[in-house]
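Subject: Structure for you to look at

Dear colleague,

I am passing on a structure that may be new to you, and my notes follow it. Please read them with the model open beside you.

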Amino acid sequence: MPAFLTYLTAVERLSAHVNSLPQEFSKALGEDLEYARFGAALVELPWFGGWKLGLDAWLGHGKPPPFARLMRERAPVAFGLKAAELVSNGALVGTEAGLAFVAGYFTQVCVSRALEPLVQSLIVSHSKQGESASAARHRIEWAQSLALMQDLHGSPLVGTPAIRAKMQLRKASGARGIGRGMYELMRVSSQEAFGDAPTKLEVDGWVRGEYLYSMALGSPLGRLKANAGGALTAKELYRSPGIDVFASVDKGLDVTREALTALGSMIRRNNFGSRSRFKLLEVCPEGSPEQVMKLQAA
């Protein structure tokens with residue numbers, strides 16, 4: 001969950017340069033940025049499924065919930081491919097909304113991979129005494145997300161009402177769940193890629209929980225949470241010798257654009273055969289961020 005704002009900020013940065021994207025995705029991001037945010041946020045949304053998980057997310061401890069681990073670790077590219085294929089066939093959801101979701105989802109996949117080497121090295125070098133690896137990751141990714149927003153907006157926005165608009169995952173505002181078509185798109189893709197899928201009741205709970213979290217971050221409580229880490233530590237975790245989060249996010253967005261270009265070709269030809277998939281997998285290999293990092297290092 002702590003990287004949640006990083007992914008949403010990355011999607012916004014992607015949408016600010018739509019001319020570098022295939023026309024289908026350029027139009028979709030221009031019209032349905034909220035659904036791109038939903039796609040980018042999806043892997044983190046299970047954190048908002050209940051008071052205990054939400055409290056863990058706020059306090060910065062606890063292990064990721066089952067579906068968050070599943071979506072991060074097991075066939076994330078297969079999930080995105082299935083979603084793109086369904087959208088290409090005009091199934092379940094409007095074309096622009098579906099393409100925006102796919103663009104946001106691949107943004108999260110590619111940016112998380114670009115950041116993983118930095119995060120792992122910082123866990124080793126900046127863990128506090130007695131701090132677990134998961135708690136260190138949470139603290140590091142949260143500090144990086146705030147610093148990234150500060151870099152792009154001149155303010156981390158947390159603690160002000162402006163953060164709420166950046167976290168809006170639906171066209172309509174308010175504490176409602178996701179639409180049936182968008183849910184079915186993710187359910188079918190999840191079942192295909194992972195052999196399991198959350199219920200609509202679960203996903204609606206995630207989306208409502210995220211809305212409540214955005215309200216809290218937009219209040220004075222959010223300012224307290226943002227100030228808890230300390231400015232010096234945040235600077236060390238964001239940009240210091242050997243560490244450049246901004247550059248790594250941009251590297252991840254470059255890969256996102258390559259992946260969306262490959263997907264755009266598949267969608268236009270409505271061809272999701274093995275040869276077309278291979279071209280995408282050359283750009284965006286299957287596996288968790290940790291697995292891809294090892295593959296690239298080999």
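In these notes, buried means under 20% relative accessible area, exposed means over 50%, and partly exposed lies in between, for a 1.4 Å probe and protein chains only. This is a predicted model, in which local features need pLDDT of at least 70 and side-chain atom pairs count only at pLDDT 80 or more, whereas totals for chains, interfaces and linings use all residues. Residues are numbered from 1 along each chain as its sequence is written, and side-chain values use heavy atoms, with hydrogens and water left out.

Two loop residues come first. Alanine 75, in the loop between α5 (66-73) and α6, has a phi near 50°, which is a positive value in a residue other than glycine; because its relative accessibility is 19%, alanine 75 counts as buried. Leucine 157, in the loop between α8 (133-153) and α9 (162-166), likewise has a positive phi, near 70°, and is not a glycine; its relative accessibility is 12%, so leucine 157 counts as buried. The helices named here (H or I, at least four residues) are DSSP runs, numbered from the N terminus, as are strands (E, at least two).

Next come the aromatic residues. The structure holds 8 aromatic pairs, where rings of Phe, Tyr and Trp (its six-membered ring) pair if their centres lie within 6.5 Å, and planes under 30 degrees apart count as stacked, over 60 as edge-to-face and the rest as tilted. One of the pairs, phenylalanine 79 with phenylalanine 194, is stacked, at 5.6 Å centre to centre and with 10° between the planes. This pair links distant parts of the chain, since phenylalanine 79 lies in helix α6 (residues 76-88) and phenylalanine 194 in helix α10 (residues 180-194), 115 residues apart.

Helix α1 (residues 4-15) and helix α3 (residues 33-41) pack at an angle of about 140°, with their axes 9 Å apart; axes are lines fitted to C-alpha atoms, for helices over the stretch in contact, and angles run from 0 to 180 degrees between N-to-C directions. In this contact (heavy atoms within 4.5 Å), Phe4, Tyr7, Leu8, Val11 and Ser15 of α1 meet Leu33, Ala36, Arg37, Ala40 and Ala41 of α3.
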